[in-house]
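Trainee: Before we discuss this fold, could you show me the model?

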Amino acid sequence: MDPRTRLNVIDVEATCWEAQPPPGMVGEIIEIGLTVVDLGARERIAKHRILVRPRRSRVSGFCTELTGLTQEEVDTGVEFAEACRILADEHRADSRPWASWGDYDRRQFERQCRATGTRYPFGSRHTNVKRVFTDIRDLPRRPGMAAALDIAGLPLEGRHHSGADDAWNIAALVLDVAARGGWPQS
């Protein structure tokens, strides 16, 4: 396997509420899912999960229902700055191209890094898989990830709104786009 053909696919889950956040709370990353894709071999080669302990919010019942994550579980996670260090040091996030479904994940990292004074862990080569998938299939609207899997005839593996499982599923969509010749060259 050629390390130059590897791509990190990232999906984050963050604290969330059914309506507005309670006073003083903000959405924070509580799980980072990462799947390594070898674009040359056209396969998903590794699946990782980093739990992140929130500092400015708590996991709501709504968030637990959506993601399956509990406050007790994320309390066992690492600090956000440590999660960013792990991404850079162990997963080459600062030098390897990366992708996510839409721009939410990239923006959430940018916001949280700014708010906490943490070094942004990624390099500049980011691909919005939702945009590329929509363009290659000439769709009138950008679908959600689960709908895109249906369109591609791929199964939803694992639990939707689990960062690790969603990154794995997004990686399958990356490979679908690559098989159609639509993955951008880095």
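The talk below takes up the sheet, a helix on it and the nonpolar cores.

Mentor: This is a predicted model, where local features need pLDDT of at least 70, side-chain atom pairs count only at pLDDT 80 or more, and totals for chains, interfaces and linings use all residues. Residues are numbered from 1 along each chain as its sequence is written, and side-chain values use heavy atoms, without hydrogens and water.

Trainee: What makes E1 and E2 paired strands?

Mentor: Strands are DSSP runs of E, at least two residues, and helices are runs of H or I, at least four, numbered from the N terminus. Two strands pair if DSSP finds at least two bridges between them. E1 (residues 6-14) and E2 (residues 29-38) have nine, and run antiparallel. In that pairing, Glu13 stands opposite Glu31. E2 and E3 also qualify, with eight bridges.

Trainee: Why are E3 and E5 called edges?

Mentor: The open sheet has the order E3-E2-E1-E4-E5. E3 (43-51) and E5 (126-128) each have a single partner strand, so one side of each lacks a neighbour in the sheet.

Trainee: What makes a set of residues a nonpolar core?

Mentor: Its members are buried Ala, Val, Leu, Ile, Met, Phe, Trp, Tyr and Cys residues, joined through side-chain atoms within 4.5 Å. Buried means under 20% relative accessible area, with a 1.4 Å probe and protein chains only. The largest such core has 21 residues, and Leu7, Trp101, Val129, Leu173 and Trp183 have the most contacts inside it. H7 (163-179) is among the contributing elements. The largest share, seven residues, comes from H7. Apart from this core lies another of 18 residues, including Val12 and Phe122.

Terms used. Buried < 20%, exposed > 50% of the residue type's maximum accessible area, 1.4 Å probe, protein only.
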